[in-house]
Amino acid sequence: MSKIHTALKESAGITSGSAASGEAVLSSLDKKLIAAGVAPDTLAEAHSLKKNNGTGFFDHLIRKKTIDEIQLLKVLSEHFGLSFWPELPMESINIDFTQNVSIQYLKKHKIVPLITSQDSAIAVNDPTNFQPVDDLRQLLKSPDLPVVLSSQDAIAAAINMAYDMSRASAKDYFEEMNEAATDDLISKIDETADLLDETSDAPIIKLVNLLVSGAIKDRASDIHVEPYSGNLKIRYRIDGILYDILNLPHRIQSPLVSRIKIMAKLNIAEKRLPQDGRIEIKIADRLVDIRVSVIPTAFGERVVLRLLDKTANILMLADLGMHDERIKLLNKLIKSPYGIILVTGPTGSGKTTTLYAALSTINHPEINIITIEDPIEYQMDGVGQIQVNPKIDLTFAAGLRSIVRQDPDVILIGEVRDRETAEIAIQSSLTGHLVFSTLHTNDAASAVTRLIDMGIEPFLVTSSIIAIIAQRLVRVLCPHCKEVYVPDEETLANLGLDRSVLQKNTFYRKNGCNLCMQTGFRGRTAIFEIMIVDDEIKKLVLKTSDANQINELALKQGMITLQKDGIYKVLNGITTTEEVLRVTRSLNRKDDIVLEA
């Protein structure tokens, strides 16, 4: 038994020579806790709880909010002579223990083994609950493994990550099976007469679970199940790019799709019409909402699952990737008393994320914010959120009519899809409401043209819209493996840059490592184009709806284009020239790129 462990037991008053000595040690801890701000009454309650239940002493102190958890752990660290690790080395952790130790056991006792090449220890949250530590040492066959203190959140995150990494992937599941076993799996699937029986068919359930958990582990936003003449292809969309994950025999397509449809509460007998549904699952501590889209194709039903992590934190404006000056400009715009702010871009370009970042900035008790969306992608306290439901005629337009009778100050409309929704949004903005919404156009200037094409009068457009923001998402270079290089003349010419820019700026390109799945990228950031609808642009819109002319005027007034914003991010080592060209090349802008020395 280690000296630290012996001291731990003595400190808890368990193995010391007499009960009196144990009480004396505990009394000294009580004094330290009272000095740290714990009320004596709360301390007495905690002692009573521990006497009756054996545990819960420190949890009670934290629940009563008489002491912060980190402050408590520092007191315990000093008293018991144990190291306090506010952050755990999760990237280099050895996960072999997941084969022998139950995840429920670790979560129940709030302990996790940290076996690394440098420092190894058992992280605990309650140093007096030492029996699980003894048991864990025996299971790991490491009797001298030291104990360290850490927070409940850090321990839970380490446990979840370890078991998430140890979970087999769908690819491993099939690669580990020999050909005979695979044929046996398929034959079991084919023998199922009633499709409803597939809910108890373990192989298919396991396959779907592995596909979803693997997508979440790999940070995928979508799962594509694509049937072809001879095979079934599974693809993940990670950071906006599709990657082939798995090729399966075509015979698995029907039961696999049926299993997904059962989970999404769709009609499994209907295979001729498109269907849309939703699945809500929990993986570790994450709540994930899955939108399911099924369409019939020549070789069977094709399925796309859109994964929405409902536990993801809502970003603030500063997290979106904007320059400080543009953040100040946007802060000013979103505090306007009335008008419409449109965010434009293709599907999956982060429009909703930007709008929620704006809402989180102005979300205060004195402001009434109501949203109508399809679907509700983020949940925000203090905001009334309405889910569109066409089956009961709750459309954007119908919901919007009711919203304006709820005395809102700010309204968020998920998307302006038709003339009716656009008209009600404009009327709302003209009667003293600030309206946020999205539109599918290529750039900011094209949004004006699109609204007029919908049938909105130009004078209504100019009197209601105060700003239009166009955006795209570019992949961020992996900070662990990106490498410096010198771009060639053609690359610089495509970006409209001169070679002189190389004198004071460094260019990076992707490489690839295990942390970024050999892609060279990890995560995404946005590039923006903000067009302020001022008096000059209003006059032009009343004369013409030509997007090119509107864009030229906006450029003369200093609008920074998507490509120009992308170039700044290239020069700051955030992304690559190829990424910027990939998302902006189709715009074919001829604006001059002027960069500060």
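This is a predicted model: local features need pLDDT of at least 70, side-chain atom pairs count only at pLDDT 80 or more; totals for chains, interfaces and linings use all residues.

Q: Understood. Which residues line the second largest cavity?
A: The second largest cavity is lined by Val208, Leu211, Val212, Ile223, Val225, Ile260 and Leu305. Its space comes to about 40 Å³.

Q: Which elements give two or more residues to that lining?
A: They are helix H11 (202–217) and S5. The largest share, three residues, comes from H11.

Q: What classes of residue are in the lining of the second largest cavity?
A: Seven residues there are nonpolar, with no polar and no charged ones.

Q: What lines the largest one?
A: Its lining consists of Ile340, Leu342, Val416, Ala422, Ala425, Ile426, Val435, Ser437, Leu451, Ser464 and Ile465. Strand S11 (339–344), helix H16 (419–430) and strand S15 (434–439) are the elements that give two or more residues each. H16 provides the largest share, three residues.

Q: And by class, what is in the lining of the largest cavity?
A: Nine of its lining residues are nonpolar and two are polar, while none is charged.

Q: Let us change topic to the sheet with S5. What is its strand order?
A: The order is S7-S6-S5-S10-S9-S8, in an open sheet of six strands with antiparallel pairing.

Q: Why is one side of S7 and of S8 left without a neighbour in the sheet?
A: Strand S7 (241–249) and strand S8 (275–283) are at the edges and have a single partner strand each, so one side of each has no neighbour in the sheet. From one strand to the next, the twist averages 20°.

Q: What holds paired strands together in general?
A: Strands of a sheet pair through backbone hydrogen bonds, in either a parallel or an antiparallel manner.

Q: How many bridges join S5 to S10?
A: Four bridges join strand S5 (residues 220–227) to strand S10 (residues 300–309), and the two run antiparallel. In this pairing, His224 stands opposite Val304 in S10.

Q: One last point: which strands does H12 lie across?
A: Helix H12 (residues 253–263) lies across S5, strand S6 (231–238), S7, S8, strand S9 (286–297) and S10. The helix runs at about 45° to S10.

How values were computed: Residues are numbered from 1 along each chain as its sequence is written. Side-chain values use heavy atoms; hydrogens and water are left out. Two strands pair if DSSP finds at least two bridges between them. Axes are lines fitted to C-alpha atoms, for helices over the stretch in contact, and angles run from 0 to 180 degrees between N-to-C directions. Contact means heavy atoms within 4.5 Å. On a 1 Å grid over the protein atoms alone, a cavity is a set of points where a 1.4 Å probe fits but cannot get out, and a pocket is an open set with protein on both sides within 12 Å along at least five of seven lines; lining residues have an atom within 4 Å of a point. Ala, Val, Leu, Ile, Met, Phe, Trp, Tyr, Cys and Pro count as nonpolar, Asp, Glu, Lys and Arg as charged, and the others, Gly among them, as polar. Grid points are joined across faces, edges and corners, and a volume is the space filled by probe spheres set on the points.
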